[in-house]
Amino acid sequence: SAYWSGFGVIQHRFHALSLWEYACDQGIGTACEQAADVYLRGELFAAKPDRASELFADGCAASRPSSCTRAGELAMTRLDTTPSPRKAVKWWRRGCTGGDPQGCHLLGLAMLEGQGVGRDPTAGVAMIGTACDQRFAPACHQLAGFQAQGLFVARDEAASAATLRRACDYGGGVSCTELGVRARAAGLADQAKTDLTAACEHGDPRGCALLGDLHALGAPGLAVDNERAAAAYADACRGGLFEACGRAAAAEGTGGIDPAELRGLYRVACDAGTAEACDYLAGMMLDGIGGPPDPQAAARLFDRACTGAYADSCVHLAWMGRGDRGRDPLRWLERACDLDDGACVVLGEVHERGMVEGAKLGAAAAAYQRGCAADRPDACFRLGGVLSRGAGVARDDAAAARMYQVACEGGHAQACTALARAYEVGAGVHADAAATAHYRERACTLDPAEGCR
């Protein structure tokens with residue numbers, strides 16, 4: 001283990017593997033299991049399931065019950081060979097008999113489903129109960145579900161709650177989360193906090209996120225605590241629930257997470273393939289938030305997120321590249337428009353204002369039309385504007401008025417103002433004082449600063 005981790009010695013993983021295999025040959029079951037994991041993960045070379053299976057079998061023979069269970073799992077899950085339920089059941093039975101609760105749990109499931117052994121629900125539930133009694137949280141969680149649904153056993157809500165509590169006490173984070181959700185629904189904020197804290201400590205990212213919500217929003221008898229909210233969201237983010245990274249960001253500057261840590265969290269999420277996190281990280285690197293600015297690294301991250309179908313990153317790339325007098329800014333904006341109809345408004349504005357090399361006034365209407373067809377009121381308003389001015393297209397006041405009406409009905413205050421002016425002067429519609437007053441009032445209601453002037 002020291003050679004594997006480089007603890008106190010120069011790291012040498014091949015040497016570590018050879019030592020584990022030697023120890024396995026001497027009957028040390030834990031060494032067999034460690035070596036098997038290396039062959040199974042394929043860290044040093046291509047995965048070798050056959051060798052891993054042999055080592056798990058050796059570990060089982062060396063009185064390592066968990067190795068028996070692992071051998072059974074491998075017999076059922078190997079992708080390079082036909083699953084063997086009977087062989088798996090044989091290994092799980094040996095693991096269970098040797099004292100591994102996971103072996104009992106898997107054997108119980110096989111009995112419930114009749115896989116590799118005769119179907120026997122009564123014996124299957126009893127076997128899962130045995131695993132629960134041995135403090136195996138997943139077995140308790142499953143048993144609680146059976147009790148709540150009346151599946152294989154009599155329906156008993158009280159027994160289900162008690163079994164779920166056992167699962168939580170045995171380290172089952174998912175079970176603690178469920179208890180926390182129930183307590184929150186019952187208005188028991190303190191109990192919800194206790195259960196969700198346990199869930200987070202036991203490694204359930206959903207529990208961490210819900211704990212963050214509880215601290216961020218507060219509850220009767222529980223004050224808002226942004227610092228604890230940020231810490232919980234950060235744990236959820238690190239645990240793989242990457243939407244919690246954004247919630248952690250919202251706590252920045254409110255006594256919660258600091259920019260440097262937030263930058264690290266977005267790095268974790270980005271490296272795991274979350275395009276939105278790459279976009280946020282790129283923005284921080286571009287602006288020098290949480291660390292030194294690095295525009296080149298930011299551009300690479302924006303490109304990665306844009307390739308990953310995150311439209312905002314494509315727009316950011318366009319802004320970064322608009323000074324290069326090349327075609328890339330338009331290419332990125334066109335991709336953004338393909339990914340998100342909202343970005344079509346940006347593409348239309350760039351064409352309308354000639355903001356980058358290659359922009360064409362006549363292409364603005366087409367971009368706005370795409371956004372309007374996708375029910376974007378701002379796109380319909382801008383389309384009405386180019387139609388009313390004849391900007392790159394034939395002037396058409398009637399069509400402009402129709403676009404203003406669509407946008408106004410969609411809640412766009414400026415469109416309501418423009419439509420009121422059209423009715424006031426009869427541009428594309430019959431002049432109508434009542435309609436003018438109606439649309440001015442609607443604009444005022446939607447946006448007092450814009451429509452009530």
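**Close-ups of salt bridges and disulfides**

View 1. A quick word on the model: it is predicted, so local features need pLDDT of at least 70 and side-chain atom pairs count only at pLDDT 80 or more, while totals for chains, interfaces and linings use all residues. Residues are numbered from 1 along each chain as its sequence is written, and side-chain values use heavy atoms, with hydrogens and water left out. Helices are DSSP runs (H or I, at least four residues), numbered from the N terminus, as are strands (E, at least two).

**View 2. D50 reaches R78 across 28 residues of chain.** The two side chains meet in a salt bridge, 2.6 Å from N to O. This one also links distant parts of the chain: D50 sits in helix α4 (residues 49-61), and R78 in the loop between α5 (65-77) and α6 (85-98). D50 is partly exposed at 48% relative accessibility, whereas R78 is buried, with a relative accessible area of 15%. As a rule, side chains of opposite charge can pair when their charged atoms come close.

**View 3. R376 and D378 make another salt bridge.** Here the closest N and O atoms are 3.6 Å apart. R376 counts as partly exposed at 32% relative accessibility, and D378 is partly exposed too, with a relative accessible area of 23%.

**View 4. Five charged residues join up in a network.** E33, D37, R64, R70 and E73 are linked by salt bridges. For context, a search of the whole structure turns up 25 salt bridges.

**View 5. C24 and C32 are joined by a disulfide.** A disulfide here is a pair of cysteine sulfur atoms within 2.5 Å, and by that rule the count comes to twelve. The C24 to C32 link is 2.0 Å from S to S. The torsion about its S-S bond is about 95 degrees, so this disulfide is right-handed. Both C24 and C32 are buried.

**View 6. C200 and C208 form a right-handed disulfide.** Their sulfur atoms lie 2.1 Å apart. The handedness follows from the torsion about the S-S bond of C200 and C208, which is about 100 degrees. C200 is buried, with a relative accessible area of 13%; C208 also counts as buried, at 2% relative accessibility.

**View 7. C408 is tied to C416 by a disulfide.** The S to S distance for this pair is 2.0 Å. With 95 degrees about the S-S bond, the link of C408 and C416 is right-handed. Both C408 and C416 are buried.

How values were computed: A salt bridge is a side-chain nitrogen of Lys or Arg within 4 Å of a carboxyl oxygen of Asp or Glu. Buried means under 20% relative accessible area, exposed over 50%, partly exposed in between (1.4 Å probe, protein chains only).
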